[in-house]
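The structure comes first, then the notes by topic.

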Amino acid sequence: MASRATLDSPVKQIQIEGLVVLKMIKHYQEEGQGTEVVQGVLLGLVVEDRLEITNCFPFPQHTEDDADFDEVQYQMEMMRSLRHVNIDHLHVGWYQSTYYGSFVSRALLDSQFSYQHAIEESVVLIYDPIKTAQGSLSLKAYRLTPKLMEICKEKDFSAEGLKKAMIGFEHMFEEVPIVIKNSHLINVLMWELEEKSTVADKHELLNLSSSNHLEKSLQLLMDRVDDMSQDIVKYNTYSRNLSKQQQQKHQYTQRRQQENAQRQTRGEPPLPEEDISKMFKPPQPPPRMDTLLIAGQINNYCQNVKEFTSQNLGKLFLAEALQGHNS
Amino acid sequence: MSVYGPVVKIHPVVLASIGDSYERRNEGASRVIGTLLGTVDKHSVEVTNCFSVPHNESEDEVAVDMEFAKNMYELHKRVSPSEVIVGWYATGFEITEHSVLIHEYYSREATNPIHLTMDCALQSGKMNIRAYVSAPMGVPGKTVGVMFTPLSVKYKYYDTERIGVELLQRTRDAPNASSGLTSDLCQVGKAASRVQDMLATVLTYIEDVLSGKQGADNSVGRYLMDLVNKVPKISAEDFETMLNSNINDLLMVTYLANLTQAQIALNEKIVVL
């Protein structure tokens with residue numbers, strides 16, 4: 001899913017301000033409960049090989065009674081207003097929340113492609129609120145690999161196209177490392193907050209109960225694997241149909257030749273060669289892009305599950321040490 | 001501080017926003033002002049969002065771009081329809097006469113608006129985040145003045161916000177004020193070391209009490225009892241079985257995940273490439 005070794009893209013690192021992180025968290029907390037995703041726009045600028053994200057603003061949810069709602073207009077207005085107060089108004093990407101790590105979808109691909117096409121350095125930030133609630137901020141930045149960009153540009157999603165470009169599910173997105181930077185004033189604020197606020201540390205990270213989260217993740221994984229197997233079945237039927245058709249074509253031409261030979265011996269004019277391709281229409285090859293997306297998603301789920309289990313193993317051993325001490 | 005009026009609960013995102021707009025203020029402006037958005041309760045006002053409003057201030061007059069404020073509020077309402085204008089903020093240490101005028105404007109927008117000040121110039125070495133509400137004063141019949149009475153300020157966090165803030169706290173120790181996001185096992189290690197630190201503090205306290213350096217406090221003693229009793233007493237075998245079954249579950253899941261990954265890689269090789 002993420003290939004970190006070969007980052008030959010213009011952006012090598014993402015620098016986010018604390019303010020952006022807080023805004024994203026707040027947006028999800030207030031507006032997005034359940035499986036809905038919340039989205040927003042990232043603003044900032046590009047400095048050498050770093051992408052600095054200095055501010056963001058949320059996008060309203062799409063509701064049915066917003067027929068006359070113009071997204072573009074909202075965005076334009078927002079950016080114009082922000083320019084008045086000296087906030088960077090350059091669009092550098094967008095963010096999205098995710099439910100248990102399921103974000104590899106056609107919609108995401110399309111949006112990221114249009115962004116990256118317009119602005120070369122743009123990224124999509126994926127914020128996982130459920131993982132964050134378990135104790136540690138989960139924020140990842142992704143871009144499309146140049147290979148995938150090529151494919152999207154030509155809109156050639158067939159099997160041959162993908163084969164030509166040699167794209168596996170691991171080369172679809174590349175992850176960019178994130179660094180959080182705070183200005184000194186904000187650092188002062190952090191010190192003040194620590195002093196003033198009496199919110200106790202809740203230590204969710206050391207929570208031992210894992211089965212709920214694990215169950216949900218595994219269920220999503222199973223759904224995806226089901227999708228994948230359906231896809232595979234479709235592909236198999238297609239290749240079987242194709243080979244059957246080839247056989248039929250072959251038989252037909254042979255029969256034709258035989259008949260022609262017979263007619264020649266009998267002295268009759270040979271039958272006209274009919275256009276074979278018109279008679280046997282080749283079956284439609286199934287689209288391969290979905291398979292790729294599903295594979296990528298499955299990979300992502302597996303990664304998340306593995307991370308989760310490694311954390312839990314550590315916690316279990318901690319608990320064992322504690323018990324061992326007492327008994 | 002006298003507490004008259006509602007308690008003000010602020011989210012950290014608001015303070016970070018104010019700090020950020022202070023850093024980006026125009027040349028020559030000594031302070032920035034802006035609108036506070038949030039929700040009003042019976043006894044408290046919760047401030048969850050804010051945006052800055054351009055304004056010009058000179059010795060005798062002050063001009064606030066009200067159109068802008070209205071526009072921004074409309075835009076923000078599209079995203080979070082439940083937020084209303086609850087007041088306004090200004091950076092700076094004192095309340096000036098201009099503040100009174102601005103406050104009047106905001107009283108038209110919201111009932112009983114809150115005025116928040118945050119000293120970003122650190123005049124007294126601290127940030128001094130304070131909230132006020134206006135109350136009329138004066139002799140009835142003559143010119144009525146306005147007095148700003150202070151309110152008590154509390155900080156409210158959502159759970160996820162708290163975790164985010166914790167991460168941000170780490171940047172204040174780093175030399176170039178930046179920090180990366182850590183990976184799974186490191187985080188468990190860090191959380192464990194935090195608990196370890198806390199236990200160390202408690203232990204030093206206990207030792208002091210035992211050696212007579214500090215007087216014993218009964219309530220603390222009761223907390224300690226609770227703490228020790230919270231570690232569940234399970235027989236060694238039961239615990240072993242529980243531990244092993246859990247470990248087995250996790251290992252199995254890891255194995256399955258690896259298997260799935262291998263499968264899709266294979267599938268890819270066969271079908272696509």
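**Salt bridge and interface**

Lys26(A) forms a salt bridge with Glu83(B), the closest N and O atoms being 3.3 Å apart; the term stands for a side-chain nitrogen of Lys or Arg within 4 Å of a carboxyl oxygen of Asp or Glu. The model is predicted: local features need pLDDT of at least 70, side-chain atom pairs count only at pLDDT 80 or more, and totals for chains, interfaces and linings use all residues. Residues are numbered from 1 along each chain as its sequence is written, chains are lettered from A and ligands numbered from 1 in the order in which they are written, and side-chain values use heavy atoms, with hydrogens and water left out.

- Between chain B and chain A the count is 1 salt bridge, while over all chains it comes to 6 salt bridges.
- There are 6 residue pairs in polar contact between chain B and chain A, both residues at pLDDT 80 or more. A polar contact is a pair of N or O atoms within 3.5 Å; within protein, one must be able to donate a hydrogen and the other to accept it, and residues adjacent in sequence count only if both atoms are side-chain atoms.
- The side of chain B that touches chain A draws its largest share, 18 residues, from H7(B).
- In contact (heavy atoms within 4.5 Å) are 89 residues of chain B and 99 residues of chain A.

**The sheet of chain B**

- An open sheet of 8 strands in chain B has mixed pairing and the order E9-E8-E7-E6-E2-E3-E1-E10. Two strands pair if DSSP finds at least two bridges between them.
- Strand E9 (145-151) and strand E10 (153-155) of chain B stand at the edges with a single partner strand each, so one side of each is left without a neighbour in the sheet.

**Paired strands**

- Strand E7 (residues 114-118) and strand E8 (residues 130-137) of chain B run antiparallel and are joined by 4 bridges.
- Opposite Arg130(B) in E8(B) stands Thr117(B), and opposite Ala131(B) in E8(B) stands Leu116(B).
- E8(B) also pairs with E9(B), in the antiparallel sense over 7 bridges; Val133(B) has Thr149(B) in E9(B) as its bridge partner.

How values were computed. Helices (H or I, at least four residues) and strands (E, at least two) are DSSP runs, numbered from the N terminus.
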